[in-house]
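Work through the exercises below with the sequence and the model at hand. Each task is followed by a solution in steps.

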Amino acid sequence: MDFDRIKWNEQGLVPAIAQDVDTGEVLMMAWMNRQSLEMTLDSGEAVYFSRSRQEIWKKGATSGNIQKVIGIWLDCDGDTVLLKVRPAGPACHTGAQTCFYTAIQPQKEFSRGAGVLADVRRVVEDRLEHPVEGSYTNYLFEKGIDKICKKVGEEAAEVIIAAKNRSHDEVQYEVADLLYHLTVLLVEQGVPTQDVFEELASRHTGRG
């Protein structure tokens with residue numbers, strides 16, 4: 001990295017944003033000085049500078065919630081660094097996955113890309129923690145694993161029928177139903193969606 005391209009502030013610091021490389025979720029914002037950035041590049045794990053303590057700190061040094069750095073980017077003005085990381089645990093000291101969990105304006109709609117799975121999972125997890133009367137998701141949780149498994153099986157069969165019908169709209173609709181019910185199953189089982197993604201990634205890497 002060309003350190004001369006970075007516009008350090010008066011204290012010799014630059015803001016650093018950590019983003020989950022797998023989900024795209026923004027995890028936290030911290031500060032870096034030249035030394036912490038060099039240590040990050042050398043170690044492959046995020047190292048920041050604490051303005052309150054006036055010292056270098058490695059993310060996860062005490063909690064174990066390290067951030068493996070996959071890539072580092074500099075913005076167009078050279079005054080902000082973006083770290084694409086794979087976190088080993090929550091980013092926030094409160095135990096939250098991300099420091100950005102306080103909504104000023106609630107999200108108006110789901111992502112239109114792969115991130116929609118994370119959005120759906122958050123809603124399903126919220127229904128489990130905060131049941132809503134009349135919620136279909138809560139109905140499934142109340143009925144238990146047998147009902148959830150039955151719905152997964154039914155939706156999988158519907159996908160097969162839609163595919164046999166060669167109907168784009170039916171396939172689109174039924175696959176969406178299946179993904180939703182699979183998400184409910186994963187939440188009920190306590191299996192992170194990311195674990196499934198990692199399994200897929202390992203198969204792709206190993207088998208081509």
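A crossing is left-handed if the near helix is turned anticlockwise from the far one by less than a right angle, and right-handed if clockwise. The model is predicted: local features need pLDDT of at least 70, side-chain atom pairs count only at pLDDT 80 or more, and totals for chains, interfaces and linings use all residues. Residues are numbered from 1 along each chain as its sequence is written, and side-chain values use heavy atoms, with hydrogens and water left out.

**Exercise 1.** Describe how α3 and α5 pack, and name the residues that meet.

Solution. Step 1: locate the helices, which are DSSP runs (H or I, at least four residues; strands are E, at least two) numbered from the N terminus. Helix α3 covers residues 136-143 and helix α5 covers residues 168-189.
Step 1: take the axes, lines fitted to C-alpha atoms, for helices over the stretch in contact, with angles from 0 to 180 degrees between N-to-C directions. The two axes lie 11 Å apart at an angle of about 50 degrees.
Step 2: classify the angle. Under 35 degrees counts as roughly parallel, over 145 as roughly antiparallel, 65 to 115 as roughly perpendicular and the rest as oblique. The pair α3 and α5 is therefore oblique.
Step 3: α3 passes α5 in a right-handed crossing.
Step 4: list the contacts (heavy atoms within 4.5 Å). Y136, T137, L140 and F141 of α3 meet Y180, H181, V184, V187 and E188 of α5. This contact has six nonpolar, two polar and one charged residues. Here Ala, Val, Leu, Ile, Met, Phe, Trp, Tyr, Cys and Pro count as nonpolar, Asp, Glu, Lys and Arg as charged, and the others, Gly among them, as polar.

**Exercise 2.** At what angle do α2 and α3 pack, and which residues meet?

Solution. Step 1: the angle is about 60 degrees, and the axes are 9 Å apart. The two helices are therefore oblique to each other.
Step 1: α2 and α3 cross in the right-handed sense.
Step 2: V124, R127 and L128 in α2 meet T137, N138 and F141 in α3. The residues divide into three nonpolar, two polar and one charged.

**Exercise 3.** Give the strand order of the open sheet and name its edge strands.

Solution. Step 1: the four strands run in the order β2-β1-β6-β5, with mixed pairing. Two strands pair if DSSP finds at least two bridges between them.
Step 1: β2 (26-32) and β5 (67-74) are the edge strands, each pairing on one side only.
Step 2: β5 pairs with β6 (residues 81-87) in the antiparallel sense over seven bridges. W73 stands opposite L82 in β6.
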